[in-house]
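Reader: I have a sequence and a structure to read. Where do I start, and how do I go from one feature to the next?

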Amino acid sequence: MKIGVVGLPNVGKSSLFNAITEAGAESANYPFCTIEPNVGIVDVPDERLQVLGKMYNTQKITPASIEFVDIAGLVAGASKGEGLGNKFLSHIREVDAIVHVVRCFDNDKIIHVSGSIDPKRDIETIEMELALSDLEQVTKFLDKNAKLVHQTKDKSLQASVDLLSRIKTSLEVGKQARTLEYSDEEKKLIKNFALLTAKPVIYVANISEDDIGKPDCDYVKVVREIAEQENSKVVVLCTKIEEELVALDKEERGMFKEELGITESGLEKLVTASYDLLGLMSYLTAGEKEVRAWTITKGTKAPQAAGKIHTDFEKGFIKAEIVSFDDLVEAGSFLKAKEKGKVRIEGKEYVVQDGDVVLFRFNN
C-alpha cells in the first residue's frame, strides 16, 4: 500500500512524515522545504505477530508494510507550475490513497502561506489544484481516445470516452472524481487514468499540544464536516507531539503517552483509517521459519489470497487449513486447535477473514 502525504506548506506534513516513519525528513519554518519527495516504508503495527512468533519460536517476523510519500507543500497555482507544482503532483499519481494534512491551530510564530488559519479555504485550495491537474489529464486522455474510437469503432474505448466525459463535466463544476458513483466496470477503467481526485482521502487535522484530549476545536469541526460530505476519513493528532514521541525510547514513550492521555500513535491511527478506507485487512501465516501478515482486500477468496504469497499458490490451489487467531491462541498450538476441531478445511469459494491463520495446500 502506498500513501501520498499532501497539504499546504508549513501545515505539519514533514513533521507527520517524521513521526510515522522515523525517517528524519527535513522540516523547517519556510515553504518548499521538501523539494524531492521523501519516501518511507513503515511496518504496520500488529501485536498478533509477536504472539505467533513466540508460539512458533519463529526465526523471522514480517509485518505488512505501507509506503508513505511526502511531497512538497502545494500552493494555489500548483497545477500551472507555481511552487514547482506539476513536478510535485506527478509524485502522487500512483499512490493508493492521499493523506491531506490540514493545520487546525493558531501560532503566530509559524508562517501560514495565506496569512491566516482557515481549514475550509486550505482544503479547497489543495482540492482545486488536484482537480485542475486532473482536468488537464482527463482532457488529454479524452482527446486521444475519442480519435481512436472514431478510427476503430472499438466499444471498450467508447466506454472509456463516456467515463472520461462524465468525469470532465464533474471536474469543470468543482466536483472531485471520487464523489461520483461508478459501475464495477468503470471502477476498473478509472484506475488506468491515475486521477488524483479519484483517490480516497484521509484528512489529518493537526492540532496544538493544548488541544490534545479535548473536544474538537472549531477548526477540526470544519474538517469533519467536509470529510463527511465526501465519505472521507479524519484523523486528529498533534504532529509536534508525535514527532517528539518517536525520539524517546520505548519506556519513556509509554510514560509520555500516558501522561498526555494518548492511547494510539499517529501511525496506528493512520493505518486503521487507511485499511478501513481502502477496505483492507490482514491474514496471517505462521511457522518456525517465518510469521507473516499479508494484506488483502476484504472479500478476497482463498485462491486469490494464496496468490499474494506466490502466483503458483493460486494456480495450484487445492485447499486451505484455517484457524482464527483467537482460537489458535486459546488452544495454545496449531495441533491442539486441530484436536479441538477449531481448524477448518476450506475450498476455492472460502472468503478469507481478518486474523485467519492459514496453511495453503497446492499442486506444484
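**Reading one residue, then the whole**

Author: Start with one residue. L277 belongs to helix 10. The model is a predicted one.

Reader: Which residues does L277 touch, leaving aside those up to four places away in sequence?

Author: They are P200, V201, I202, N231 and K233. L277 and S232 are 45 residues apart along the chain, and 7.6 Å separates their C-alpha atoms.

Reader: Now the sheet. In what order do the strands run?

Author: The general idea comes first. Side chains in a regular strand alternate between the two faces of the sheet. Now this case. Six strands make an open sheet, ordered 2-4-1-5-6-7, with mixed pairing.

Reader: Which strands stand at the edges?

Author: Strand 2 and strand 7 (233-237) do. Each has a single partner strand, so one side of each lacks a neighbour in the sheet. From one strand to the next, the twist averages 25°.

Reader: How do I read the mixed pairing? Is strand 1 parallel or antiparallel to strand 4?

Author: Take the pairs one at a time. Strand 1 (residues 2-6) and strand 4 (residues 65-70) run parallel, joined by four bridges. V5 sits opposite D70 of strand 4. Strand 2 pairs with strand 4 in the antiparallel sense, over six bridges. There, G40 has F68 in strand 4 as its bridge partner.

Reader: Next, helix packing. At what angle do helix 4 and helix 7 pack?

Author: Read the angle and the axis distance together. Helix 4 and helix 7 (residues 218-229) pack at about 40°, and their axes lie 9 Å apart. That angle makes helix 4 oblique to helix 7.

Reader: Which residues meet there?

Author: Helix 4 brings P119, K120 and I123. Helix 7 brings Y219, V222, V223 and I226. The residues of this contact divide into six nonpolar, no polar and one charged.

Reader: Last topic: pockets. What shows where empty space is left?

Author: Rolling a probe the size of a water molecule over the atoms does that. Here, the largest pocket has a volume of about 1100 Å³. Its lining has 27 residues, and the closest to the pocket centre are D96, A198, K199, P200 and L278. P200 is also one of the residues that L277 touches.

Reader: Which elements give two or more residues to that lining?

Author: Helix 6 (184-190) and helix 10 (266-278) do. By class, the lining of the largest pocket divides into 13 nonpolar, five polar and nine charged residues.

Reader: And the second largest pocket: what is its volume?

Author: About 930 Å³. It is lined by 29 residues, with P45, R253, S265, L267 and E268 the closest to its centre. These divide as follows: 13 nonpolar, six polar and 10 charged residues in the lining of the second largest pocket.

Reader: Which element supplies the largest share of that lining?

Author: Helix 10, with five residues. Other elements join in. Among those that supply at least two residues each are helix 1 (13-21), strand 2 (38-43), helix 2 (47-56), helix 8 (239-246) and helix 9 (250-260).

Methods. Residues are numbered from 1 along each chain as its sequence is written. This is a predicted model: local features need pLDDT of at least 70, side-chain atom pairs count only at pLDDT 80 or more; totals for chains, interfaces and linings use all residues. Side-chain values use heavy atoms; hydrogens and water are left out. On a 1 Å grid over the protein atoms alone, a cavity is a set of points where a 1.4 Å probe fits but cannot get out, and a pocket is an open set with protein on both sides within 12 Å along at least five of seven lines; lining residues have an atom within 4 Å of a point. Grid points are joined across faces, edges and corners, and a volume is the space filled by probe spheres set on the points. Ala, Val, Leu, Ile, Met, Phe, Trp, Tyr, Cys and Pro count as nonpolar, Asp, Glu, Lys and Arg as charged, and the others, Gly among them, as polar. Two strands pair if DSSP finds at least two bridges between them. Axes are lines fitted to C-alpha atoms, for helices over the stretch in contact, and angles run from 0 to 180 degrees between N-to-C directions. Angles under 35 degrees count as roughly parallel, over 145 as roughly antiparallel, 65 to 115 as roughly perpendicular and the rest as oblique. Contact means heavy atoms within 4.5 Å.
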